[in-house]
Amino acid sequence: MKKFVLKTYGKIIAWVLTALGLYTSCDKIEPRVEYGTPTADFIVKGNVNDAHNLQPIKDMAVIYKSDMAPFGNDTVRTDANGNYELEFTKTAFGAEDITVYTSDIDKDEFQSDTIRIKASELKQIGKRRKNWYNGKFEGKADFTLVRHPGPVPMYGIIPTRHQEIKGE
């Protein structure tokens, strides 16, 4: 009887530890490239301009939105001429649509904008290899940003203007 109880408790403990091990090992999805996963390199170039005067905007954040966001996102800043170049590696079977987002994180003077580059608009600049590497692709995304119309209302409150009411 003692052997039966010990074997049963041993099996239960082994099952519980296995379940806990599986549970804790899978709590975070990371964009790792594993062996046998098809990948491709992407380069997105472009510039960011002010819609009002078509002047370049410097220090604007340009963000690549990963399919597994926020994991795998990448951010670059525009230079003094408003140009940027964003390079990243993505799990891909070839040319795929890419979403690029721009945001005025520091000053909040300009409205954000998103551009989706279609796979058909990407130019292949690097060759595919016999292994899982599917090549290098290049795309272009130019942003023309509009300034915020004024103070941004907080919490959905619309700003009003004060007018004197004239008496009769």
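A residue is called buried here when its relative accessible area is under 20%, exposed when over 50%, and partly exposed in between, using a 1.4 Å probe and protein chains only. Lys140, for instance, counts as exposed at 56% relative accessibility. The model is predicted, and local features need pLDDT of at least 70, side-chain atom pairs count only at pLDDT 80 or more, while totals for chains, interfaces and linings use all residues. Residues are numbered from 1 along each chain as its sequence is written, and side-chain values use heavy atoms, with hydrogens and water left out.

## Overall layout

Helices (H or I, at least four residues) and strands (E, at least two) are DSSP runs, numbered from the N terminus. By that rule, the protein chain has 1 helix and 9 strands, and their order along the sequence is α-β-β-β-β-β-β-β-β-β. Of the 168 residues in the protein chain, 26% are buried. A contact here means heavy atoms within 4.5 Å. Taking contacts between residues at least 6 apart in sequence, 63% join residues at least 24 apart.

The protein chain exposes about 12,800 Å², with carbon and sulfur atoms supplying 55% of it. These accessible areas come from the Shrake-Rupley method with a 1.4 Å probe; for residues, only the protein chains shown count as cover.

## The helix and its nonpolar patch

Patches are built from residues with over 30% relative accessible area and no salt bridge, joining like charges within 9 Å and nonpolar side chains (Val, Leu, Ile, Met, Phe, Trp, Tyr) within 5 Å. One nonpolar surface patch covers about 1,100 Å², and its members include Met1, Phe4, Tyr9, Trp15 and Leu20. Phe4 belongs to helix α1, which spans residues 2-25, and is exposed at 57% relative accessibility.

## The core and its rings

In soluble globular proteins, nonpolar side chains tend to be buried together. A nonpolar core is a set of buried Ala, Val, Leu, Ile, Met, Phe, Trp, Tyr and Cys residues joined through side-chain atoms within 4.5 Å. The largest such core has 21 residues, and those touching the most other members are Phe42, Val44, Val48, Tyr84, Ile98, Val100 and Phe143. Strands β1, β2, β4 (83-91), β5 and β9 (143-145) each supply at least two residues of this core, and β1 gives the largest share, 4 residues.

Rings of Phe, Tyr and Trp (its six-membered ring) pair if their centres lie within 6.5 Å; planes under 30 degrees apart count as stacked, over 60 as edge-to-face and the rest as tilted. This gives 4 aromatic pairs. Phe42 and Phe88 are stacked, because their ring centres are 5.6 Å apart and their planes meet at 20°. Phe42 sits in strand β1 and Phe88 in strand β4, so this pair ties together parts 46 residues apart in sequence. Phe42 and Phe88 are both buried. Tyr84 and Phe143 make a tilted pair, 6.4 Å centre to centre with 40° between the planes. That pair also links distant parts of the chain, with Tyr84 in strand β4 and Phe143 in strand β9, 59 residues apart.

## Salt bridges

A salt bridge is a side-chain nitrogen of Lys or Arg within 4 Å of a carboxyl oxygen of Asp or Glu. The whole structure holds 7 of them, including these:

| Asp106 | Arg77 | 3.1 Å |

Glu109 lies in the loop between β5 and β6 and Arg147 in the segment after β9, 38 residues apart. Glu109 is partly exposed at 32% relative accessible area, and Arg147 is partly exposed at 39%. Asp50, Glu109 and Arg147 are linked in a network of salt bridges.

## Backbone notes

Two residues other than glycine in the loop between β1 and β2 deserve a look. Leu54 has a positive phi near 55° and is exposed, with a relative accessible area of 58%. Asp59 lies in the loop between β1 and β2, has a positive phi near 60° and is partly exposed at 39% relative accessibility.
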